[in-house]
Amino acid sequence: MKNILVQFSRVFVGLLFIVSGLIKLNDPVGFSYKLGEYFGETVLNLPVFIPYALPIALAIVIYETVLGFMLLIGFKPKFTIWSLLLMIVFFTFLTFYSAYFNKVTDCGCFGDALKLTPWQSFTKDIVLLLFILILFLNIRLVKPLFNGNFRNALVSLALVLCIYMGYHVLNHLPIKDFRAYKVGTNIQKSMEVPEGAPKTEVEMIFIYKVNGVNKEFNMKQIENLPDGAVFVDRLDKVIKEGFKPPIHDFSMEKDGSDYKDELLQEPKLLMFVAYDLQKSDRKGMEQLEKLHQSAKAKGYTVIGMTASSEDEILKAKKQYGFTFDFYFCDGTTLKTIERANPSIVVLNRGTIKQKVHYNDISLLNL
């Protein structure tokens with residue numbers, strides 16, 4: 001009976017680590033954004049690691065995937081299970097911290113393929129921790145499969161394939177797009193809120209300094225404030241989440257006006273997405289004006305989309321000779337639309353027809 005439980009734990013943990021790792025390895029840029037949130041000052045307060053979020057993300061997901069494979073074939077059981085235990089202890093702490101203090105609303109454990117709340121993520125990690133502890137306490141029952149040389153070759157092959165996959169998606173696009181802006185999505189329809197959909201309930205919270213300490217008060221409590229209370233701030237606390245459409249923060253702003261209703265009706269719209277012009281790839285940016293002229297000759301309306309300031313837009317136009325206009329959209333939204341900076345998106349009346357990395361401009365169907 002014990003051996004059956006150990007072998008079940010081995011298969012369950014191994015497969016879950018492989019699936020979770022491959023989903024994140026499919027989109028390491030997205031996982032690096034999530035790590036950036038954890039490294040931020042309001043969470044772990046480790047801003048020194050933010051510039052290295054992408055290589056750290058790649059290392060974690062490759063290691064996670066290979067560890068799962070190592071467990072399945074019984075490669076160095078003691079090293080593998082110790083590594084799994086240390087990793088799950090760290091992530092259990094992280095998900096508990098996020099859930100308890102409500103710091104990061106989605107852990108990114110399964111990328112955009114499966115969204116988990118902080119407490120769901122913590123529960124998942126607790127379950128994994130229990131199964132890994134079963135393996136840890138019964139390491140002698142985790143027997144290797146195949147002979148030593150063949151196991152070494154398999155692990156080496158798994159590592160090489162993971163590294164190649166990471167390289168491929170970084171220089172092109174995720175193999176599978178799980179995001180709200182995947183090809184085939186109609187942006188207008190994805191922004192609609194069904195009639196009768198539950199609405200978000202919000203409570204106003206007032207923060208007052210009382211005896212040198214900030215305290216929160218609701219609407220009823222402020223009627224009886226302590227003597228000497230000094231107002232500090234007001235915030236809206238979400239009591240109950242309402243329906244949130246898949247796309248809810250998309251805009252095309254220019255000169256104080258939002259042109260999305262107009263532009264999303266264009267039968268031929270080409271968008272150059274560069275969430276941060278200062279961080280955009282020079283090689284990619286140098287190709288955009290030529291593509292603009294080519295698409296314009298074929299009847300396309302061509303625009304840029306960015307979260308950069310007007311000064312940065314003017315600087316980019318001068319540097320690369322851009323003659324198309326830029327429209328503003330939230331940076332997080334633009335990073336969700338596409339991972340490359342810049343990237344190219346083709347739309348037909350608001351429906352996304354094609355998305356390509358700047359390395360794949362030759363694949364555009366215009």
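**Salt bridges and surroundings**

Modeller: Start in helix α2, where Lys 34 and Glu 37 are three residues apart, so about one helical turn separates them. Helices here are DSSP runs of H or I with at least four residues, strands are E runs of at least two, and both are numbered from the N terminus. This is a predicted model, in which local features need pLDDT of at least 70 and side-chain atom pairs count only at pLDDT 80 or more, while totals for chains, interfaces and linings use all residues. Residues are numbered from 1 along each chain as its sequence is written, and side-chain values use heavy atoms, with hydrogens and water left out.

Biologist: OK. How do the side chains of Lys 34 and Glu 37 meet?

Modeller: In a salt bridge, at 3.3 Å from N to O. The term needs a side-chain nitrogen of Lys or Arg within 4 Å of a carboxyl oxygen of Asp or Glu.

Biologist: Is Lys 34 buried or exposed?

Modeller: Lys 34 is buried, because its relative accessible area is 13%. Glu 37 has 37%, so that one is partly exposed. The cut-offs: buried is under 20%, exposed is over 50%, and partly exposed is in between, using a 1.4 Å probe and protein chains only.

Biologist: How many salt bridges are in the whole structure?

Modeller: A search finds eleven. One of them joins Lys 254 to Asp 255, again at 3.3 Å from N to O. Lys 254 is partly exposed at 24%, and Asp 255 is exposed at 65%. Elsewhere, shared partners link Asp 177, Arg 179, Glu 338 and Lys 355 into one salt-bridge network.

Biologist: How far apart are the closest N and O atoms of Arg 179 and Asp 177?

Modeller: They are 2.9 Å apart. Both Arg 179 and Asp 177 are buried.

Biologist: Zoom out. How many helices and strands does the chain have?

Modeller: Eleven helices and ten strands. The C-alpha atoms fill a box of roughly 70 × 70 × 45 Å along the principal axes. Of the 366 residues, 46% are buried.

Biologist: What about phi? Where is Asn 45 found?

Modeller: In the loop between α2 (28–39) and α3 (53–73). Asn 45 is not a glycine, yet its phi is positive, about 55 degrees. With 47% relative accessibility, Asn 45 is partly exposed. Phe 146 also has a positive phi, near 65 degrees, and is not a glycine either. That residue lies in the loop between α5 (118–137) and α6 (148–171). Phe 146 is partly exposed at 48%.

Biologist: New topic. Which residues form the nonpolar patch on the surface?

Modeller: Phe 96, Tyr 100, Phe 101 and Trp 119, with about 450 Å² of accessible area together. A patch takes residues with over 30% relative accessible area and no salt bridge, joining nonpolar side chains (Val, Leu, Ile, Met, Phe, Trp, Tyr) within 5 Å and like charges within 9 Å. Areas come from the Shrake-Rupley method with a 1.4 Å probe, and for residues only the protein chains shown count as cover.

Biologist: Which helix gives the most to that patch?

Modeller: Helix α4 (residues 77–101), with three residues. Phe 101 lies in α4 and is partly exposed at 45%.
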